[in-house]
Amino acid sequence: MNENEGADGIEGADGVEEAVAAAFREEWGQVVATLIRVTGDWDLAEECAQDAFAQALDRWRRDGVPRRPGAWLTTTARNRAMDVLRREAVGAAKLREVAVLARDGGPFDPHDPDFDNDSGVTDDRLRLLFTCCHPALPIEARVALTLRTLAGLTTPEIARAFLVPEATMAQRLVRAKRKIRNAGIPYRVPPAHLLPERTTGVLGVVYLLFNEGYAATSGAELLRTNLCAEAVRLARVLARLMPDEPEVLGLLALLLLHDARRNTRVDAAGDLVTLEDQDRTDWDRAEADEGAALLETALRRGRPGPYQIQAAIAACHVTAATAEETDWADIAALYGELARHVPSDVVRLNRAVAVGMSESPEAGLALVAELEKAGDLAGYHLLPATRADLLRRSGRMSEAAEAYEKALELVENDAERRFLEKRLAECRSA
């Protein structure tokens, strides 16, 4: 059957643009992962995937949106790659690549469970994830490369997630791809005895992927639900692959405990709703209970790690019947333990919030002042936003307004900006 048969009738340019945007969210990682496997060329895979989505804007207006957008996009991208390789084919190796791409003339559906797969793993995205997380690559490059190729994040978005300049991140991505090509890093899930040594990088990728979906670094919306869903899906696959690794279970528990609150993080207008103001009756209790059970299983292994500790923090919030019943002292202690595992200033900033809530705003402000003096979080909008909130809670409204103004100069996400503007107006009126 032609991939266009049974096309859905979506009228108008807006409808087609929405369909292409939805397909990008759902299919980008799969299309790129499949093309990398069949061509071995990372840049060509991204280029041809981008071209396929561009073609979709025109073709879907004319022919309608196909029933299987992923199959249509992968077929179109494969054909584009085949054309490029034919033009560049000057030796036997390139000609063999063309032959692989052209081995069947029908639609190319990477979601087909019978699709040829020499490694025995039927998920190209998972193979891409482990390839990107090869120990020959620096940890920062592993995470960044996967966010670019698997999740479709732009270089500026990844740079903001890492708090580094865009040019630095662009070079990091180029070097990572060159390393994979020159070192001949295999495109596969490693055998069972090698899985533990590859775990840290893979978990870091999934964690940052979820974070970008849960609190987008930029754009009109705070949530990118497709990224959250992809991260949870990958975490579940990893838990099935490595059921005895407590940090794998801890990560899945952490994501589920956060995801249980996802639908209450914004209101009907898309505006941010703080944790203390969320309607706890709308939290996904089944998801929260699953996360709590996984955390308990992980902790019984007797090898606590950063993801288990973060899951324990999330559980403190989810299990509190009301915001007032939250055990902030326990949360502050857990952040102190987390800082010993992950000596990060972002962790210390979160601990400052917990101390401010459990002891006093002034105690939290003292910790924030230390971080400001260190200067490593300069440019991070949540540093002045945290200071502003603690000042507001202590009644120092004029100083809080100044801090909110500073945070507004740095924030990139529209929903967060509207929230900060609301708080600023409240402080000014007070």
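**Around Leu371**

Mentor: Happy to. Leaving out residues up to four places away in sequence, Leu371 touches Asp345, Arg348, Leu349, Asp376 and Leu383. Contact here means heavy atoms within 4.5 Å.

Trainee: Before we go on, what kind of model is this?

Mentor: This is a predicted model, where local features need pLDDT of at least 70, side-chain atom pairs count only at pLDDT 80 or more, and totals for chains, interfaces and linings use all residues. Residues are numbered from 1 along each chain as its sequence is written, and side-chain values use heavy atoms, with hydrogens and water left out.

Trainee: Good. Where does Leu371 sit, and is Leu371 buried or exposed?

Mentor: Leu371 is in helix H16 (residues 361–374). With 6% relative accessibility, Leu371 counts as buried. The cut-offs are under 20% relative accessible area for buried and over 50% for exposed, with partly exposed in between (1.4 Å probe, protein chains only). Helices (H or I, at least four residues) and strands (E, at least two) are DSSP runs, numbered from the N terminus.

Trainee: And how far is Leu371 from Leu383, C-alpha to C-alpha?

Mentor: Their C-alpha atoms are separated by 8.3 Å, and Leu371 and Leu383 are 12 residues apart along the chain.

Trainee: Zooming out, how many helices and strands are there?

Mentor: The protein has 19 helices and zero strands. Of its 430 residues, 51% are buried. Among contacts with a separation of 6 or more, 65% are between residues 24 or more positions apart.

Trainee: Which residues have the most contacts inside the largest nonpolar core?

Mentor: Trp60, Leu73, Leu129, Val206 and Leu238, in a core of 128 residues. Helix H1 (residues 12–39) gives the most to this core, with 11 residues. A nonpolar core is a set of buried Ala, Val, Leu, Ile, Met, Phe, Trp, Tyr and Cys residues joined through side-chain atoms within 4.5 Å.

Trainee: Let's pick Val206. What does Val206 touch?

Mentor: Not counting residues up to four places away in sequence, Val206 touches Leu129, Ala231, Leu234, Ala235, Leu238, Leu251 and Leu255.

Trainee: Switching to charges: how many salt bridges are there in the whole structure?

Mentor: A search finds 27. The criterion is a side-chain nitrogen of Lys or Arg within 4 Å of a carboxyl oxygen of Asp or Glu.

Trainee: What about Asp124 and Arg127, buried or exposed?

Mentor: Both are buried. Asp124 and Arg127 form a salt bridge whose closest N and O atoms are 2.6 Å apart. Both lie in helix H5 (residues 124–132), three residues apart, about one turn of the helix.

Trainee: And Arg59 with Asp63, what is their N to O distance?

Mentor: Their side chains meet in a salt bridge at 3.7 Å, N to O. Arg59 and Asp63 are about one helical turn apart because they are four residues apart in helix H2 (residues 42–63). Arg59 is partly exposed at 27% relative accessibility, and Asp63 is partly exposed at 33%.

Trainee: Last topic, H18. Which residues of H18 are buried?

Mentor: Ala400, Ala401, Ala403, Tyr404, Ala407 and Leu408. They are on the same side of H18 because they cover an arc of only 165° around the axis; the arc is that of the directions from the helix axis to the C-beta atoms. On the other side of H18, Ser398, Glu402 and Glu409 are exposed.

Trainee: What covers the buried residues of H18?

Mentor: The cover includes helix H17 (382–393) and helix H19 (414–429).
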